[in-house]
Amino acid sequence: MEENGEEKLIAAVRHIAKTLGRTETMAEDILQVFSAFDGRFSLDKLSSDRPLPRRPSPADSPAAGTAVAGGGGATAGGREADDPRPPLERTIRTLDRQISRFVASDRLIWSDKADAAAFLEAVTDLLATIHDLESPSGPADKSLLDRADDLLQRCMLRLEEEFRAILDRPDGCAAAGGISTPPSEDSDSDGADEGEDHVPVAAPVNDYNLVIDALPASSIADLHTIARHMVDAGFGRECAEAYGVSRRGFVDESIARLGLRPRAADEVQATPWADLEDEIARWVKAAKMAFLILVPSERRLCDRVFASLHPFADLAFAAACRPAAAGLLCFADAIAAGPREPERLFRLVDMYEALHDVLPELDHLLSEQYSATLRTEVAAAHRALGAAIQGIFIELENLIRRDPAKAAVPGGGLHPITRYVMNYLRAACAFRRTLEEVMEEDATGVAIPPDPHHPSSSSLSLQVAWIMDVLQSNLEAKSKVYPEPPLSFIFLMNNGRYMTQKARDSELGALLGEDWIRRQMAMVRRWGNDYQRATWTKVVAVLRMDGIGGAAASSSAAAGKVMRERLRMFNTYVEDIWKVQAGWVVVDEQLRTELRLAVGALVLPVYRNFVARLRQAGEVGRQMDRHLKYSVEDVETRINELFKGGPRR
């Protein structure tokens with residue numbers, strides 16, 4: 001009785017639709033309204049008394065096609081068998097009803113595997129029907145084709161929604177966008193037993209001690225099925241772009257969790273360098289994570305989702321990864337385009353090395369149509385950083401040249417420019433391998449041919465040697481500021497010795513070579529000899545006995561007088577030296593000892609001989625205590641007090 005009542009109700013609904021619907025389309029719309037109003041009025045019940053069988057292939061007979069559209073021969077009671085409309089029109093009408101039920105659903109289709117299979121089957125049937133309509137042997141019905149295309153568009157929009165939902169739903173990843181806890185040392189679960197279907201996808205990280213999360217194999221299979229249907233329908237680009245939009249947020253968030261945010265170039269260049277240094281340190285970590293973890297993970301995932309669907313795998317991969325990568329590279333370009341201040345070198349080297357390390361890994365990952373551009377951009381940023389490093393060395397030369405030769409360093413000590421340049425170059429040579437690579441390339445990345453005059457020298461060694469020459473010239477100019485020539489030699493000795501000591505037993509010395517070190521040591525010795533000649537030659541000359549022997553032979557009194565006068569001159573000279581040079585300094589202790597010994601070897605034997613001759617000079621010798629102000633020991637003590645840099649006692 002209840003079943004008869006439902007049949008009567010359905011019959012009444014059909015009658016209303018037939019009476020009010022002036023056209024087939026209007027009647028179908030009325031049935032659609034009833035279907036949405038009451039679950040008992042499903043389109044299947046309203047249009048037929050049995051489920052809709054699968055649409056036959058184009059090779060089936062027209063009779064079979066009619067059976068599909070009408071729901072089967074005798075069971076349908078001949079209702080649709082007598083339908084005068086063409087079979088393809090009846091098929092599209094039936095597919096429209098079936099597909100509309102899925103498209104209008106608020107529930108995810110892929111939450112039910114049976115619904116997903118039925119929907120994809122309907123989409124496949126629709127594609128086959130469109131193929132029949134577009135076939136040269138098919139009916140030329142533009143309105144019917146437009147209707148089918150509109151239905152296909154609705155299908156693709158819903159498939160795209162489902163595609164995004166599978167990518168974004170919380171159960172799509174093992175850790176729902178978080179970071180997996182690294183296994184403990186005694187844990188047996190090291191990932192070695194994960195199957196081939198376990199595809200790693202980079203999760204947001206704070207360091208590299210991580211376990212990469214993955215999309216389940218079932219989700220990847222669903223994504224691939226949807227992607228294949230969208231590509232078959234001519235919507236491969238839309239599917240790839242949908243993938244890119246969804247995964248792009250994941251990649252961007254992963255980078256952001258390392259403390260980086262996209263910034264315009266002018267904003268970067270306006271930021272104080274002290275703040276940029278911290279940001280560069282974070283950038284180096286982010287670049288390594290992005291190009292060594294995220295990019296390979298996304299590439300592998302794309303290749304699984306879009307398997308055999310080239311070039312859409314590469315398009316989806318580029319859409320997902322390129323924006324975040326472009327942000328990283330924009331920051332690198334902004335840093336490379338900034339001022340060539342020497343203190344920026346070491347952070348630029350860090351950035352250069354980071355990109356240098358990832359480039360080989362990207363050669364096979366970024367080799368296809370859409371991703372190759374990203375590989376080119378990474379290489380361009382790498383070259384820009386290299387050019388900036390080269391520019392910093394040029395700026396270092398200019399900085400040395402511009403350093404004024406006005407204020408003299410007290411006591412002829414070590415000049416700050418010498419200390420700065422030598423410590424800077426010594427620190428820079430810790431990156432010798434990287435710097436040699438940078439210097440060997442021009443702005444386009446092409447290797448620079450070796451210097452024909454120095455075939456065995458690298459570009460870096462020539463650059464550093466040139467900087468040393470510029471520094472030496474600058475120091476010689478500064479030495480002329482001193483009014484006393486001997487002090488200028490002390491100044492050159494101090495700075496020359498410091499240059500030698502900093503270069504020796506280091507990468508800097510290996511870069512400059514033993515010949516440079518020997519030449520530098522020879523110059524220091526020459527300046528020491530110049531100091532002795534400028535200061536002590538006249539002291540030694542006044543003590544020489546040349547000519548005194550003849551005077552003594554004729555008159556011992558005359559000889560004594562000459563010797564007293566020379567002794568007085570000696571005392572005056574050495575007192576002036578001690579007074580003037582009391583504040584002079586020789587910084588290096590070994591050099592200070594060597595210089596004192598050299599002065600003592602020059603002065604003391606002559607003075608000792610003079611004192612001995614003076615004792616033998618008759619009356620003068622007997623009154624020697626009145627005339628001899630400084631003993632040999634006193635002179636030696638005074639010499640050993642030189643070059644300390646403090647006031648004379």
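Which residues do ring pairs link into a cluster? I looked this up and found Phe-346, Tyr-420, Tyr-424 and Phe-431.

A note on my source: this is a predicted model, where local features need pLDDT of at least 70, side-chain atom pairs count only at pLDDT 80 or more, and totals for chains, interfaces and linings use all residues. Residues are numbered from 1 along each chain as its sequence is written, and side-chain values use heavy atoms, with hydrogens and water left out.

Next I looked up the aromatic pairs, and the structure holds twelve. Rings of Phe, Tyr and Trp (its six-membered ring) pair if their centres lie within 6.5 Å; planes under 30 degrees apart count as stacked, over 60 as edge-to-face and the rest as tilted. One of the pairs is Phe-102 with Phe-119, tilted at 50° between the planes and 5.5 Å centre to centre. Phe-102 belongs to helix H5 (residues 87–103) and Phe-119 to helix H6 (residues 113–134), so this pair ties together parts 17 residues apart in sequence. Helices here are DSSP runs (H or I, at least four residues), numbered from the N terminus.

I then checked burial, which means under 20% relative accessible area (1.4 Å probe, protein chains only). Phe-102 is buried at 4%, and Phe-119 is buried at 0%.

My last entry is on charges over rings: NZ of Lys or CZ of Arg must be within 6 Å of the ring centre and within 35 degrees of the ring normal. Arg-299 lies over the face of Phe-317, 4.1 Å from the ring centre. Arg-638 lies over the face of Trp-578, at 4.7 Å from the ring centre.

Key
Helix = DSSP H or I, 4+ residues; strand = E, 2+ residues; numbered from the N terminus. Buried < 20%, exposed > 50% of the residue type's maximum accessible area, 1.4 Å probe, protein only.
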